[in-house]
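Here is a short tour of one protein model. Keep the structure in view and check each stop as you read.

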Amino acid sequence: MSDAVVTPAVAEDEAALATPFVKCLVRLVRAHDSHGSWEGKSDAELLGDFIITREQRRAIPIIGDPDPDVLWRLEIFYTAVGLAIEERCGLMASPMMEVSHEGFGRVLFTAGRLVALSKTLRDVHRFGFETLRKLAQAGTKMVGDAIAAIEAHPEVARA
C-alpha cells in the first residue's frame, strides 16, 4: 500500500493555514458562527470564499457594486490584520474603513496616534486572492508593514 501523495498545492495550502495571520483569520470567521453551521467545516473550506481564481475574477464585471457578502469578507480580512498586529506588538490596531457604493475606498490602521498602515481599496466587488498562500502572504505583509511602522515610531504609537 502506498502512502498518499502530497501535491505541492496541498503542501502550500497547509503551510498557508499554519501562518499566524491565517490562524487569526480562521478564529475570527469561526467566532462569527453563532448558529454552529460552520462547525464541521475545515479551515480551508471556511476560507474558500476568500479564494477567487483568475477565471472567476474575469467573469466579474470591471465595474460593479460590492454585495454584502463581499463587504463582510473585506471587513473580516482587515479586522484579522488588526488583531494580528495587536497579537504581535501588544498595541491595539484599529482598522477604519471607508468604502463607497462603487467599491472604492481606504482602510487605515491606527496604533495610538500613529497611522501604522494605510491601504487604498479598489474593485472591492472583486475582493479575493488566487490561493490560500497569496491570502497568507497579503495579510502577513500588511501586518509586517504595520509592525515596522510601529517599531520605527514607538513613542507616537504608545501615545
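Is Gly128 buried or exposed? Gly128 is buried, because its relative accessible area is 13% and buried means under 20%. Keep in mind that this is a predicted model.

**Around Gly128**

Where does this glycine sit? Gly128 lies in the loop between β3 and α6. Leaving out residues up to four places away in sequence, Gly128 touches Phe50, Ile52 and Arg57. Now look for Ala93. Gly128 and Ala93 are 35 residues apart along the chain. Their C-alpha atoms are separated by 22 Å.

The loop between β3 and α6 also holds Asp123. Asp123 is not a glycine, yet it has a positive phi of about 50 degrees. Asp123 is buried, because its relative accessible area is 18% and the cut-off for buried is under 20%.

**The whole chain**

Along the sequence they follow the pattern α-α-α-α-α-β-β-β-α-α. The C-alpha trace spans about 60 × 40 × 30 Å along its principal axes. The protein has 159 residues, and 35% of them count as buried. Consider the contacts between residues at least 6 apart in sequence. Of these, 65% join residues at least 24 apart.

**The sheet**

How are the three strands arranged? They form an open sheet in the order β1-β2-β3, with antiparallel pairing. The edge strands are β1, residues 94–99, and β3, residues 114–121. Each of these edge strands pairs on one side only. Neighbouring strands are turned by 15 degrees against each other on average, direction ignored.

Take the pairs in turn. Six bridges link β1 and β2 in the antiparallel sense. In this pair, Ser94 stands opposite Thr110 of β2. Strand β2 covers residues 105–111, and seven bridges join it to β3. These two strands also run antiparallel. Arg106 has Thr120 in β3 as its bridge partner. Leu108 has Ser118 in β3 as its bridge partner.

| Hairpin | Residues between the strands | Glycine | Phi |
|---|---|---|---|
| β1 and β2 | five residues | Gly103 | near 95 degrees |
| β2 and β3 | two residues | Gly112 | near 65 degrees |

**Helices on the sheet**

Now go back to the pairing of β2 and β3, which has seven bridges. Which strands does helix α5 touch? Helix α5, residues 68–89, packs on the sheet and touches β1, β2 and β3. The direction of α5 makes about 155 degrees with that of β1. Helix α6, residues 132–152, packs on the sheet as well. Helix α6 touches β2 and β3, and its direction makes about 150 degrees with that of β3.

**Helix against helix**

Helices α5 and α6 also meet. Their axes come within 9 Å and cross at roughly 50 degrees. The two helices are therefore oblique to each other. Their crossing is right-handed. On the α5 side, the contact is made by Phe77, Tyr78, Val81, Ala84, Ile85, Arg88 and Cys89. On the α6 side, the residues include Leu135, Ala138, Gly139, Met142 and Val143. Further along α6, Gly144, Ala146, Ile147 and Ile150 take part too. By class, this contact has 13 nonpolar, two polar and one charged residues.

What is the angle between α2 and α6? Helix α2, residues 20–31, packs with α6 at an angle of about 100 degrees. Their axes are 8 Å apart. That angle makes α2 roughly perpendicular to α6, because angles of 65 to 115 degrees count as roughly perpendicular. From α2, the contact uses Phe21, Val22 and Leu25. From α6, it uses Leu135, Ala136, Gly139, Thr140 and Val143. This contact has six nonpolar, two polar and no charged residues.

Conventions:
Residues are numbered from 1 along each chain as its sequence is written. This is a predicted model: local features need pLDDT of at least 70, side-chain atom pairs count only at pLDDT 80 or more; totals for chains, interfaces and linings use all residues. Side-chain values use heavy atoms; hydrogens and water are left out. Two strands pair if DSSP finds at least two bridges between them. Helices (H or I, at least four residues) and strands (E, at least two) are DSSP runs, numbered from the N terminus. Axes are lines fitted to C-alpha atoms, for helices over the stretch in contact, and angles run from 0 to 180 degrees between N-to-C directions. Contact means heavy atoms within 4.5 Å. Buried means under 20% relative accessible area, exposed over 50%, partly exposed in between (1.4 Å probe, protein chains only). Angles under 35 degrees count as roughly parallel, over 145 as roughly antiparallel, 65 to 115 as roughly perpendicular and the rest as oblique. Ala, Val, Leu, Ile, Met, Phe, Trp, Tyr, Cys and Pro count as nonpolar, Asp, Glu, Lys and Arg as charged, and the others, Gly among them, as polar. A crossing is left-handed if the near helix is turned anticlockwise from the far one by less than a right angle, and right-handed if clockwise.
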